[in-house]
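Dear colleague,

I am handing over the structure we spoke about, with the sequence alongside. Could you open it next to this message and follow the description as you read?

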Amino acid sequence: MPSAVLILNLGAPFRIRAGTDIETANYADGCVVTTPARAVEFGYPPGTRSVGVHFKPWGPAPFLPMPAAELCDRPVTVEQVWGRPAVAELRDRLATATGPYEMLALLEDELMRRLRETAGLGLVRHTSNAMAATAGGVAISDLSATAGVSSTHLAQRFKELIGVTPKRLARTYRFAATVLAIDPAGPVDWADLADRAGYFDQAHFGHEFRTFTGLTPTRYVDVRRRFLREHPGHALDVGPLPAD
C-alpha cells in the first residue's frame with residue numbers, strides 16, 4: 001500500500017519479512033517501515049499490544065535521520081532510528097498509559113517534538129497527492145513539468161523522502177485502488193478489473209499482484225475470504241491505508 005508505518009511494540013516480539021528472498025526477523029521494541037516496493041509480511045503473536053502510526057508515503061521523512069531510500073524494503077527497529085535510551089523511555093511511558101487515547105497522545109507528542117524542517121517535502125507531498133487523486137494514472141513527466149522541476153530532480157527527492165521513485169509510487173497507488181475495488185464477498189471479474197485499472201493485460205495484472213502481495217489474484221481473494229469468515233468486521237481487513 002502507499003503508506004509507511006511506525007510501530008512501538010509493548011508486547012512479545014513480532015516478525016516481519018520484506019520480500020520472499022529475505023529472512024524473517026523479530027522486532028521487540030517496534031519497527032519503522034517506509035513505503036514498500038513489494039509485499040511485506042507481518043506475523044503477530046497472540047495478545048500483541050502496540051501503538052503506531054500509518055503515514056502517507058512522505059510522512060516519516062521529518063522523523064528519520066537517514067534518507068528513506070536506505071530503508072526501502074529494509075524494516076528497521078525504532079531503536080535504530082531514534083536510539084535505545086529515547087525509545088526505552090517512550091515505551092515505558094506508553095506501557096503505563098491508562099488507555100489507547102493517552103497512548104496516541106503520548107506518541108503524537110513525541111512526533112511533534114521530533115518534527116523538523118525537511119527540504120523538498122512540499123514538492124513531494126504535492127506530486128504524491130496528484131498521484132493519489134488519479135489512482136496513479138497521471139504521467140510523471142506531467143507532474144515534473146507542472147512542478148517546474150526536472151524528472152531527475154523529482155526522482156531524487158522521492159527516493160530521499162519516500163524511498164521509491166515517482167513511477168514506483170504511481171504503480172503502488174494504482175494497485176491500491178485496484179485492491180480496494182475488490183469485494184471479496186462476491187464474484188470477481190478479473191478481466192474487467194484489470195481493464196478498468198489500466199493494466200495492459202491480465203498477465204501484467206497478475207505480475208503486479210504477485211509483486212505487491214506475494215500472491216496470485218485468486219489466492220489473494222481466497223485469503224481475504226477466509227479472513228472475513230474468521231475475523232468478521234476486523235479493522236485490518238481493509239488494508240493499511242492511512243486516512244486523510
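This is a predicted model: local features need pLDDT of at least 70, side-chain atom pairs count only at pLDDT 80 or more; totals for chains, interfaces and linings use all residues.

The protein contains 10 helices and six strands, and its C-alpha atoms fill a box of roughly 50 × 50 × 35 Å along the principal axes. Of the 244 residues, 43% count as buried, and among the contacts with a separation of 6 or more, 70% are accounted for by residues 24 or more positions apart.

Turning to the sheet, three strands form an open arrangement in the order 4-1-6, with antiparallel pairing. Strand 4 (30-33) and strand 6 (50-55) are the edge strands, each of which pairs on one side only, and neighbouring strands of this sheet are turned against each other by 10° on average, direction ignored. Strand 1 (residues 4-9) is joined to strand 6 by six bridges, the two running antiparallel, and within this pair valine 5 stands opposite histidine 54 of strand 6. Helix 2 (residues 84-95) packs on the sheet, where it touches strand 1 and strand 6, and its direction makes about 70° with that of strand 1. Helix 3 (residues 100-114) also packs on the sheet and touches strand 1 and strand 6, its direction making about 55° with that of strand 6.

The helix I would ask you to look at is helix 4 (residues 121-133), whose 13 residues reach 18 Å from the first C-alpha to the last, close to the 18 Å expected at 1.5 Å a residue. Which residues of helix 4 are buried? They are Leu121, Leu123, Val124, Thr127, Ser128 and Met131, and because these residues cover an arc of only 160° around the axis, they lie on the same side of helix 4. In general, an α-helix has 3.6 residues a turn, so residues three or four places apart point the same way. The buried residues of helix 4 pack against helix 5 (140-147), helix 6 (151-161) and helix 7 (166-180), whereas His126 and Ala133, on the other side of helix 4, are exposed. After helix 4 comes alanine 135, which has a positive phi, near 50°.

Key: Residues are numbered from 1 along each chain as its sequence is written. Side-chain values use heavy atoms; hydrogens and water are left out. Two strands pair if DSSP finds at least two bridges between them. Helices (H or I, at least four residues) and strands (E, at least two) are DSSP runs, numbered from the N terminus. Axes are lines fitted to C-alpha atoms, for helices over the stretch in contact, and angles run from 0 to 180 degrees between N-to-C directions. Contact means heavy atoms within 4.5 Å. The expected span of a helix is 1.5 Å times one less than its number of residues. Buried means under 20% relative accessible area, exposed over 50%, partly exposed in between (1.4 Å probe, protein chains only). The arc is that of the directions from the helix axis to the C-beta atoms.
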